[in-house]
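Q: Hi! Could you walk me through this structure while I have it open on my screen?

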Amino acid sequence: MLYSVLLILPALVAAAPGVKLETIRDIDWELELLGTRTPLERRARSEKSIDAIFKSLGKQYFGTAADRNLLNNAQNSEIIKADFGQITPENSGKWQTIEATQNNFNFNDLDFLVNWAQTNGKLVRGHTTVWHSQLPNWVDQINNKATLTSVIQNHVTKEIGRYAGKILQWDVVNEMFDESGGLRSSVFSRLLGEDFVRIAFEAARKADPAAKLYINDYNTVEKGASYKKTTGMATYVKKWIAAGIPIDGIGAQAHLVAGEAGNVAPSLRLLCAAAPECALTEVDIVQASANDYVNTIKACVDIANCVGVTVWGVRDPDSWRAASNPLLFNSGYSTKPAYGALVQTLGAMTATYKPTTTTVQSTAIVPTSTYVAPTTVIQVPSSATSVASTSVPIIACKS
Ligand code: XIL
């Protein structure tokens, strides 16, 4: 019986999309009786994948963060396979991991993650090349402009170049703004002023012309659209794009505390209007209230050029903010109320979204997606040197 059910399952799913869910449930019920389903398999099959819902709302992915240890954890990786469409390396792409000593590169863990993603059909966001934190001392101690320039170029070229064609987006520059919207003091800004942005992005574009290049920061959607860091980031990025620096996207990390979610939509709209595309890149929310999650994630759904959301981990105990239980899965690998609320709210939206245009992405790594009928179209500047400007989705969501 089990054998014959397994044999006919693909045919049933392909032949009758309209009755797909019912059919799968019936078959699941039989497999349950046979006792072959683990609790996780039951959950994954009974509750829809948030990534699948996100894609049917015209987005490219709903992702999460991980590294080798969490991908080797069977329960964690089963959840990623079932519910997420993209992985971001939580630590294995950072300067201190990749080039702890000068010109001595260690790609072991990042190679593992990229291979795992390819094997399992997941996209990757590269994170991150130029960042003042998790930066080895030898870089911090550089005191000469020319040396720092070539050190940035070498690091960016080797790291991004190694994975050319395999990474959807790269956080080329991370957390470079201070809370007043100016340049954060770092070895990069002290020696090179804002020119380190041009140096890093130009090297990145050369190293992987297909990757979407992002500038990423925190406290940019938490405090509202008039918060200085938010307006400062938008102003700088518009200026840099106009000057020909190849920035494709703005990433908003979105590490929220409870109650900040109402600020996300207006702030994100401002940021997304300043670049060809944008994304929420590291979402976690203290205590993970269902409302806060829905408001935060829906902000991206409602903005035409917001291409995806990444949640910063799967399960609370593995979070960098573990004490505040900020993620979508609990210590038992079960979904929390916020996951169900997202599935319900965003799932319901899929019924009213009507695709009008089909945008075929220009690189093999980006899945072809169907986008949503515009009611308002957000005008975005096109990156002067972007090789992929033809694939920028000019779409919008129903209000
Ligand atoms: C965090 C990781 O989650 C931790 O494991 C690590 O100890 C510190 O960094 N902004 C970022 C991320 O861009 O890289 C950070 O990740 C969280 C804040």
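A: Happy to. Let's begin with a disulfide: the link of Cys272 and Cys278 is right-handed, with 95° about the S-S bond. Keep in mind that this is a predicted model.

Q: Good to know. How far apart are the sulfur atoms of Cys272 and Cys278?

A: They are 2.0 Å apart.

Q: And are Cys272 and Cys278 buried or exposed?

A: Both Cys272 and Cys278 are buried.

Q: Is the disulfide of Cys300 and Cys306 left-handed or right-handed, and why?

A: That disulfide is left-handed, because the torsion about its S-S bond is about -105°.

Q: What about burial for Cys300 and Cys306?

A: Cys300 has 0% relative accessibility, so Cys300 counts as buried. Cys306 comes out at 1% relative accessibility and therefore counts as buried too.

Q: What is the pairing if I number the bonded cysteines in sequence order?

A: The pairing is 1-2, 3-4.

Q: Switching to the ligand. Which residues come nearest?

A: There are 13 residues around the ligand, and those that come nearest are Glu90, Lys94, His127, Glu282 and Trp312.

Q: Let's get some distances. How far is a polar side-chain atom of Glu90 from an oxygen atom of the ligand?

A: For Glu90 that distance is 2.4 Å. In the side chain of His127, an N or O atom is 2.7 Å from an oxygen atom of the ligand. Trp312 also has a polar side-chain atom 2.9 Å from a ligand oxygen.

Q: How much of the ligand's area does the protein bury?

A: The ligand taken alone exposes 420 Å², and the protein buries 79% of that.

Q: Nice. Now the helices: how many residues does α13 have, and how far does it reach?

A: Helix α13 covers residues 228-242, which is 15 residues. From first C-alpha to last, α13 reaches 21 Å, close to the 21 Å expected at 1.5 Å a residue.

Q: Which residues of α13 are buried?

A: The buried residues are Lys229, Thr230, Gly232, Met233, Ala234, Val237, Trp240 and Ile241.

Q: Which residue with a positive phi follows α13?

A: Gly244, with a phi near 95°.

Q: Another spot I clicked on: where is Val294 found?

A: Val294 is found in helix α15, residues 290-301. Its relative accessibility is 11%, so Val294 counts as buried.

Q: Which residues is Val294 in contact with, leaving aside neighbours within four places in sequence?

A: Val294 is in contact with Ala341, Leu342 and Thr345. Val294 and Ala341 are 47 residues apart in sequence, while their C-alpha atoms are 6.9 Å apart in space.

Q: Finally, the whole chain. How many helices and strands are there?

A: The chain has 16 helices and 11 strands. Of its 399 residues, 54% count as buried.

Q: What share of the contacts with a separation of 6 or more comes from residues 24 or more positions apart?

A: That share is 75%.

Q: And what does the accessible surface of the chain come to?

A: About 15900 Å², with 54% of that belonging to carbon and sulfur atoms.

How values were computed. Residues numbered from 1 in each chain as written. Predicted model: local features only at pLDDT ≥ 70, side-chain atom pairs only at ≥ 80, totals over all residues. Heavy atoms only, no water. Helix = DSSP H or I, 4+ residues; strand = E, 2+ residues; numbered from the N terminus. Expected span 1.5 Å × (residues − 1). Buried < 20%, exposed > 50% of the residue type's maximum accessible area, 1.4 Å probe, protein only. Near = heavy atom within 4 Å. Polar contact = N/O pair within 3.5 Å; in protein donor to acceptor, adjacent residues only side chain to side chain. Areas by Shrake-Rupley, 256 points an atom, 1.4 Å probe, with all protein chains shown as cover. Contact = heavy atoms within 4.5 Å. Disulfide = S-S within 2.5 Å.
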